[in-house]
Structures are given as C-alpha cells and as structure tokens.
Amino acid sequence: MRAPPLLLLLAACAPPPRATAAAAPTPPGWEPAADAPWCPYKVLPEGPEAGGGRLCFRSPARGFRCQAPGCAAHASAGRSLRASVLRNRSVLLQWRLAPAEAHRVRAFALNCSWRGAYTRFPCERVLLGASCRDYLLPDVHDGVRYRLCLQPLPLRAEPAAAAAAAPPEPAAPAECVEFAAEPAGMREIVVAMTAVGGSICVMLVVICLLVAYITENLMHPAFGRPGLRRQP
C-alpha cells in the first residue's frame, strides 16, 4: 500500500529524528478517526457572487511530527488548535475536538488573514468537513504575521423539528493561532555566521597555544640560562 502524497511531502520536509532525543508522536485526539480516510473541503472565493467553490479531497497527515529546527509549532490560547510552520514555507494546521462535541459538528470554517501596515487582509477561506482534523497551507510569505481562526459549525435542525424544539445552540467560539514564518535567507545567514565565528574562535585558540609553546620552550632557554664561568 503506497503512502499518500501529503505524507511523503511532510516526511521529506521534516529532518531525521535524533538519537538522543526522539520526537514524541502525535498525541491522541489530533488525528481523524480510522474510518475517515479522506477530508472533504472547499476553498471559498473572496466575493460571495463567485460561487461556493469546488469540492476537493485530501488525505490526513497521520503520525506527523514537528521537529526543530525544520519545524516550529504555534498553539492557540485554548490549546486545541496548532500550526506547524515547516522549513519549506508550508503550514500544517491541526485541531482536536472532544468526542461529545464531534457528534454535534457538521463542518469547520477556516479563515486566514495577514497583518499589513495599517489593517488586516484576508488570504483564504476554507470550509472543511466534520471528519477533517488538519489542513495544509502550501505557501506562506516570510516575515508576514498570519492569523488562522477555526470555528466549528453546529448541525442544522430539520424544519419540522426546529419549529417544535428549543432554539438551536449557538456556534462554538473560534480558536485562533498567530505565527510568522522566519525568512529563509536570514536563517541561512545566521547559520553561516555562526559557523564562521566558531571556526575563527578555534583558530584563535590554536594560535594562542602555539605562541605560548614557542615562548615557553624556545625563547626562555636563550635568555634565562646562566652564563658559564671560566675556571682560573
């Protein structure tokens, strides 16, 4: 059985695990159910007159691990939504839901915006199915502050049942997470400067040791040895 393309992409982006400190597996509750192999979603257009978007399907990212330095994790205030910013400027958004709440949710509304100089600008609106527990943003800009908000949408009551039943429960508040992708060029410059600085420090230590050795073993006998007296 071949692995889904998304898992292959994420595996290529994440660095290999270290032998000293292996990354912890994905905690329970962050992955979809075993009987949900696909996540249906719609990328909604900005204007309401453009239509409802095209229905698409994607495979969930099961067993995903966020490891530094190739991945930086950001969590919402309620700790139920997290964004893993990968080195290739893609962001994997994951969320969890209690089993009791999962039966009352029909879909998830995802809203993306980024902060400008004076205001916020929308970047993407996505409607995801109730079985979805993650979504991948393929490309984000370096140095831009993003804000992703996810809101569960409750089930719709039947018209006949709605007239006789109590008022429907209000929708749950949205969970939001903010992050900024680190510029790749600046990261490479910092790594290069650190490597060069370390090499310079090692060279200075070697030079100091060499000078001390020369001073102690070559110059001291020439100036510190007492002169030989002539015998009468």
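The model is predicted, with local features requiring pLDDT of at least 70 and side-chain atom pairs counted only at pLDDT 80 or more, while totals for chains, interfaces and linings use all residues. Residues are numbered from 1 along each chain as its sequence is written, and side-chain values use heavy atoms, with hydrogens and water left out.

The protein chain contains four helices and 10 strands. Helices (H or I, at least four residues) and strands (E, at least two) are DSSP runs, numbered from the N terminus. Along the sequence, these elements follow the pattern α-β-β-β-β-β-α-β-β-β-β-α-β-α. The accessible surface of the protein chain is about 15,900 Å², and carbon and sulfur atoms account for 63% of this area; accessible areas come from the Shrake-Rupley method with a 1.4 Å probe, and for residues only the protein chains shown count as cover. Of the 232 residues in the protein chain, 27% are buried. Buried denotes under 20% relative accessible area, exposed over 50%, and partly exposed the range in between (1.4 Å probe, protein chains only). Among contacts between residues at least 6 apart in sequence, 65% join residues at least 24 apart, a contact being defined by heavy atoms within 4.5 Å.

Strand 1 (residues 39–44) is paired with two other strands, strand 2 and strand 7. Pairing requires that DSSP finds at least two bridges between the strands. Strand 1 runs antiparallel to strand 2 (residues 55–58), and four bridges join them; in this pairing, K42 lies opposite L55. Strand 1 is also antiparallel to strand 7 (residues 120–129), again with four bridges, and V43 faces V126 of strand 7. In a regular strand, side chains alternate between the two faces of the sheet.

Two serine residues were examined in the region of strands 3 and 4. S76 occupies the loop between strand 3 (71–75) and strand 4 (81–86). This residue is buried, since its relative accessible area is 4%. Apart from residues up to four places away in sequence, S76 touches L81, E175, C176 and V177. S84 belongs to strand 4 and is likewise buried, because its relative accessibility is 1%. With neighbours within four places in sequence set aside, S84 contacts F64, C66, C71, A72, A73, S90, V91, L92 and Q94.

R104 lies in the loop between helix 2 (99–102) and strand 6 (105–115). A relative accessible area of 45% places R104 in the partly exposed class. The R104 side chain reaches the backbone oxygen of A100 at 3.4 Å. This is a polar contact, that is, a pair of N or O atoms within 3.5 Å; within protein, one must be able to donate a hydrogen and the other to accept it, and residues adjacent in sequence count only if both atoms are side-chain atoms.

A nonpolar surface patch is formed by V196, I200, L204, I207 and V211, with about 450 Å² of accessible area together. Patches consist of residues with over 30% relative accessible area and no salt bridge, like charges being joined within 9 Å and nonpolar side chains (Val, Leu, Ile, Met, Phe, Trp, Tyr) within 5 Å.

Side chains of opposite charge can pair when their charged atoms come close. A salt bridge is counted where a side-chain nitrogen of Lys or Arg lies within 4 Å of a carboxyl oxygen of Asp or Glu, and the count comes to five. One of these links R115 and E178 (3.6 Å, N to O). R115 is in strand 6 and E178 in strand 10 (residues 175–180), so this pair connects distant parts of the chain, 63 residues apart. Both partners are partly exposed, R115 at 43% relative accessibility and E178 at 24%. E178 also meets R145 in a salt bridge (3.5 Å, N to O); because R145 lies in strand 9 (residues 145–154), the pair ties together parts 33 residues apart in sequence. R145 is partly exposed, with a relative accessible area of 35%. A further salt bridge joins E178 to R147, with the closest N and O atoms 2.7 Å apart. R147 is also in strand 9, so this pair ties together parts 31 residues apart in sequence. R147 counts as partly exposed at 29% relative accessibility. Through shared partners, salt bridges join R115, R145, R147 and E178 into one network.
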